[in-house]
Amino acid sequence: MSASLDARARDPEESARLACLIAASRFVLRTVASRRHTGGGDSIDAVIVAAVVQANVRRALGTGAYDTFDEPVPADLREPASVPMLAERTGLPRETVRRRLEALVARERCVRSYGGYVVPVELMSGPTRRALAIEAYEALRRLTADVQRSGLDVGASSVAEAILRPIDAASPVRVVNRATAAFAIDFLRELSRLTGSHEAALIYSALLEAVKPDGTPRRLTFLGLAQSMERPIESTRRRAMVLVERGLAERDDEGFKVRRDFATSTDVRDLAAYSADLLRTMYAGIATASGAVDKL
């Protein structure tokens, strides 16, 4: 990252972790945004749907099958996801998960099954879903390039070259989608502990993404942020004010931004270290899942 941010970080590795945190924030925002339609247009619903899908297919993982887009996990191998399981996985309150799942059922985005909820196989296929899967794959390619530029070793060398190749029919798109969804779920769960909610976590991710290349925080307007996140402006303002109250952001008459000393904040440094560990986990999973490296 820049000399400005380097000067405020403890050492070059910490500066690289911060660069990766900003890249990860951008990646998570794009990942969640691309899944809004799957979740019915709401970012939190999209996170829940992603967690449901992950729970549904976990029994079939590691079989060497169901890696490419044309190989969805069949219905008889899908396990229902319970409300307690999803609440623990996402970090969302149980009642929030239950209420939103029932709304997803009403919109035919999930179905109730014995023991929990399942996303129908047909919703995981088709042109729209394929486009979303490819979009997530492309987002990972951009993240991988950002990670490489940061200079931080997150164990991506074994898959980076392969990930950056053009996508074809044999690419393990579903392996990559599962890994990126898991990263987004875990990242937001951890960030929500710092910000107080998933909504505030998404806003803080946008503030981190807005940091300039020289490490200077850039102000975002309430209106612009609300529009980009497809949220009411008053709701966005309230969530943003929580960040100000928690000492994570600064506000003026035009908008708000991450606090000026964010790069040396203990909370942000801890989050950057956690994000780096998540990146290592994600790349390791892609490298080992179903021989993905050979198929990429």
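Reply: Start with the residue classes: Ala, Val, Leu, Ile, Met, Phe, Trp, Tyr, Cys and Pro count as nonpolar, Asp, Glu, Lys and Arg as charged, and the others, Gly among them, as polar. By these classes the lining of the largest cavity has 12 nonpolar, three polar and five charged residues. Note that the model is predicted.

Me: How many cavities are there, and what is the volume of the largest?

Reply: There are three cavities of 30 Å³ or more. The largest holds about 220 Å³ of space. Its lining has 20 residues, and Val53, Met124, Arg129, Asn177 and Arg178 are the closest to its centre.

Me: What makes a residue count as lining, and which elements give two or more residues to the largest cavity?

Reply: A lining residue has an atom within 4 Å of a point of the cavity. Helix H3 (43-57), helix H6 (126-150) and helix H8 (173-195) each give two or more residues to that lining. H3 gives the most, with six residues.

Me: What lines the second largest cavity?

Reply: This cavity has a volume of about 130 Å³. It is lined by 13 residues, of which Ser43, Glu199, Leu202, Met229 and Arg231 are the closest to its centre. At least two lining residues come from each of H3, helix H9 (198-209) and helix H11 (233-245). By class the lining divides into four nonpolar, three polar and six charged residues.

Me: Why is the pair Glu14 and Arg17 called a salt bridge?

Reply: The rule asks for a side-chain nitrogen of Lys or Arg within 4 Å of a carboxyl oxygen of Asp or Glu. In this pair the closest N and O atoms are 3.8 Å apart, so the pair meets the cut-off. Both residues lie in helix H2 (residues 12-34), three residues apart, about one turn of the helix.

Me: How do you know whether Glu14 and Arg17 are buried or exposed?

Reply: Buried means under 20% relative accessible area. Glu14 has 7% and Arg17 has 18%, so both residues count as buried.

Me: What does the salt bridge between Asp45 and Arg100 tie together?

Reply: The side chains of Asp45 and Arg100 meet at 2.8 Å, N to O. Asp45 lies in helix H3 and Arg100 in helix H5 (residues 94-106), so the bridge ties together parts that are 55 residues apart in sequence. Asp45 and Arg100 are both buried.

Me: What makes Asp186 and Arg189 a salt bridge, and where do they lie?

Reply: Their side chains meet at 3.2 Å, N to O, and the cut-off is 4 Å, so the label applies. Both lie in helix H8, three residues apart, about one turn of the helix. Asp186 is at 13% relative accessibility and Arg189 at 16%, so each counts as buried.

Me: How many salt bridges are there, and which residues are linked in a network?

Reply: The count comes to 24 salt bridges. Arg26, Arg30, Asp146, Arg149 and Glu209 are linked in a network of them.

Me: Why is Asn56 called buried, and what does Asn56 touch?

Reply: Asn56, in helix H3, has 0% relative accessibility and therefore counts as buried. A polar atom of the Asn56 side chain lies 2.7 Å from the backbone oxygen of Glu79. Not counting residues up to four places away in sequence, Asn56 touches residues including Leu77, Pro80, Tyr117 and Val119.

Methods. Residues are numbered from 1 along each chain as its sequence is written. This is a predicted model: local features need pLDDT of at least 70, side-chain atom pairs count only at pLDDT 80 or more; totals for chains, interfaces and linings use all residues. Side-chain values use heavy atoms; hydrogens and water are left out. On a 1 Å grid over the protein atoms alone, a cavity is a set of points where a 1.4 Å probe fits but cannot get out, and a pocket is an open set with protein on both sides within 12 Å along at least five of seven lines; lining residues have an atom within 4 Å of a point. Grid points are joined across faces, edges and corners, and a volume is the space filled by probe spheres set on the points. Helices (H or I, at least four residues) and strands (E, at least two) are DSSP runs, numbered from the N terminus. Buried means under 20% relative accessible area, exposed over 50%, partly exposed in between (1.4 Å probe, protein chains only). A polar contact is a pair of N or O atoms within 3.5 Å; within protein, one must be able to donate a hydrogen and the other to accept it, and residues adjacent in sequence count only if both atoms are side-chain atoms. Contact means heavy atoms within 4.5 Å.
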